[in-house]
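The exercises below go with the structure shown next. Try each task on the model before reading its solution.

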Amino acid sequence: MGLLNWTSGQHFDHGENCSCTQCGKPTPMRSHAGEPVHKVCAEDWNDRNPGAPRYEHNGHDLGTTRYHSDHPRKNRRDGA
């Protein structure tokens, strides 16, 4: 899968650190579903579970349905 794009602010909890569901260490990071997980732990999980259902947006493979990337942003050339 490669690296996840978690640039959206929804992936950071300013309130508190919680135990990562993968490694158990504290993290302020959250998945799209609000699950506490380090981005690198989510990327590792994606790599270890290549057969997991995929999440797609406009033909782009964004990763597994459990841990996926933010939607691709349009750049100025794309009309945004």
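**Exercise 1: The helix and its packing**

The buried residues of helix 1 pack against strand 4. The model is a predicted one, in which local features need pLDDT of at least 70 and side-chain atom pairs count only at pLDDT 80 or more, while totals for chains, interfaces and linings use all residues. Residues are numbered from 1 along each chain as its sequence is written, and side-chain values use heavy atoms, with hydrogens and water left out.

Task: State which residues of helix 1 are buried.

Solution. Helices (H or I, at least four residues) and strands (E, at least two) are DSSP runs, numbered from the N terminus. Buried means under 20% relative accessible area, exposed over 50%, and partly exposed in between, with a 1.4 Å probe and protein chains only.
Step 1: go through the helix. Cys 41, Ala 42, Glu 43, Trp 45 and Asn 46 are buried in helix 1.
Step 2: take one of them in detail. Asn 46 belongs to helix 1 and has a relative accessible area of 2%, so Asn 46 counts as buried.

**Exercise 2: The chain as a whole**

Task: Give the order of helix and strands along the protein chain, and describe the chain by its spans and surface.

Solution. Step 1: count the elements. The protein chain has one helix and four strands.
Step 1: read along the sequence. The pattern is β-β-α-β-β.
Step 2: take the spans. The C-alpha trace covers about 40 × 30 × 15 Å along its principal axes.
Step 3: take the surface. Accessible areas come from the Shrake-Rupley method with a 1.4 Å probe, and for residues only the protein chains shown count as cover. The accessible surface of the chain is about 5200 Å², and 49% of this belongs to carbon and sulfur atoms. Of the 80 residues, 31% count as buried.

**Exercise 3: The nonpolar core**

Task: List the residues of the largest nonpolar core.

Solution. Step 1: apply the rule. A nonpolar core is a set of buried Ala, Val, Leu, Ile, Met, Phe, Trp, Tyr and Cys residues joined through side-chain atoms within 4.5 Å.
Step 1: collect the members. The largest such core has 10 residues: Leu 4, Trp 6, Cys 20, Met 29, Val 37, Cys 41, Ala 42, Trp 45, Ala 52 and Tyr 67.
Step 2: In soluble globular proteins, nonpolar side chains tend to be buried together.

**Exercise 4: Tyr 67 and its surroundings**

Task: Locate Tyr 67, then find its contacts and its aromatic partner.

Solution. Tyr 67 is in the segment after strand 4, and its relative accessible area is 0%, so Tyr 67 is buried.
Step 1: list the contacts, meaning heavy atoms within 4.5 Å. Leaving out residues up to four places away in sequence, Tyr 67 touches Leu 4, Thr 21, Gln 22, Ser 31, Glu 35, Val 37, Ala 42, Trp 45, Asn 46 and Leu 62.
Step 2: look for ring pairs. Rings of Phe, Tyr and Trp (its six-membered ring) pair if their centres lie within 6.5 Å; planes under 30 degrees apart count as stacked, over 60 as edge-to-face and the rest as tilted. The count by this rule is one aromatic pair. Trp 45 and Tyr 67 form this edge-to-face pair, at 5.4 Å centre to centre and 85° between the planes. Because Trp 45 lies in helix 1 and Tyr 67 in the segment after strand 4, the pair ties together parts that are 22 residues apart in sequence.
Step 3: check two of the contacts. Ser 31 is in the loop between strand 2 (26-27) and helix 1, and counts as buried at 1% relative accessibility. Leu 62 is in strand 4, and is buried with a relative accessible area of 4%.
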